[in-house]
Amino acid sequence: MDNGDIANIENEVNRIILSAIRGSLKLMILRILSDKDFHGYELIKEIEKRTLGLWRPVPGSIYPALKALESKGFIKSYNIIENDKTKKYYKITNKGMILLKMLDDKLHAIRSYIISSLPRSKEILRRYDINELQELLKRLSEWRNILDEVIKIIEVEIREREARS
């Protein structure tokens, strides 16, 4: 495996991650609305913030997702007049909170499975030569930096919520 192969794999990883982020739009909406009510444009900005700028959903994806969640009773909309303009806000319902809890439980099970698979990773790593391992280490270090940024964002969010309480 050469650097070109690793670059292709990295591109595929990024494509899959972006696809996973986009595929979890409804989950992100529920998670965000479990914190506070938002109108559509605010949701777009909040998703961009929470994905560290990796994805900014367009109105053509956010509003159909909101409509679908509302039609199933997971969120509810209401109007507020701000600066002589009516804005449609969304809030999560009790049914939506139950759905979010069930999704969290499933995601926790998936994480547990992945963690339980880690001991086999040493066996897999033996298949790579030193250059491939160094490249892999470089990529993982980049991901660790991204995760460090996510952790910082979460820590700030926790401090802000604690200050509001």
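## Close-up views of a predicted model

**View 1. Helix H2 and the sheet.** Helix H2 lies across strands S1, S2 and S3 and runs at about 95° to S3, where axes are lines fitted to C-alpha atoms, for helices over the stretch in contact, and angles run from 0 to 180 degrees between N-to-C directions. Helices (H or I, at least four residues) and strands (E, at least two) are DSSP runs, numbered from the N terminus. This is a predicted model, in which local features need pLDDT of at least 70 and side-chain atom pairs count only at pLDDT 80 or more, while totals for chains, interfaces and linings use all residues. Residues are numbered from 1 along each chain as its sequence is written, and side-chain values use heavy atoms, with hydrogens and water left out.

**View 2. The open sheet of three strands.** The strands are arranged in the order S1-S3-S2 with antiparallel pairing, and two strands pair if DSSP finds at least two bridges between them. S1 and S2 are the edge strands, since each pairs on one side only. Two bridges join S1 to S3, whereas eight bridges join S2 (residues 75–82) to S3.

**View 3. The hairpin of S2 and S3.** Two residues lie between S2 and S3 in this hairpin, and Asn83 in the turn has a positive phi of about 50°.

**View 4. His39 in strand S1.** His39 belongs to strand S1, and its bridge partner in S3 is Tyr89. His39 counts as buried because its relative accessibility is 9%; buried means under 20% relative accessible area, exposed over 50%, and partly exposed in between (1.4 Å probe, protein chains only). Apart from neighbours within four places in sequence, His39 is in contact (heavy atoms within 4.5 Å) with Lys87, Lys88, Tyr89 and Tyr90.

**View 5. The buried face of helix H3.** In helix H3 (residues 40–50), the buried residues are Gly40, Leu43, Ile44, Glu46 and Ile47. Seen down the axis of H3, these residues fall within an arc of 170°, so they line one face of the helix; the arc is that of the directions from the helix axis to the C-beta atoms. An α-helix has 3.6 residues a turn, so residues three or four places apart point the same way. The cover over the buried residues of H3 includes helix H2 (25–33), strand S1 (38–39), helix H4 (59–71) and strand S3 (85–92). After H3 comes Leu52, with a positive phi near 55°.

**View 6. The crossing of H2 and H3.** The axes of H2 and H3 come within 11 Å and cross at roughly 100°. The two helices are therefore roughly perpendicular to each other, a term for angles of 65 to 115 degrees. Leu25, Met28, Ile29, Arg31, Ile32 and Leu33 in H2 meet Leu43, Glu46, Ile47 and Arg50 in H3.

Definitions and conventions
Angles under 35 degrees count as roughly parallel, over 145 as roughly antiparallel, 65 to 115 as roughly perpendicular and the rest as oblique.
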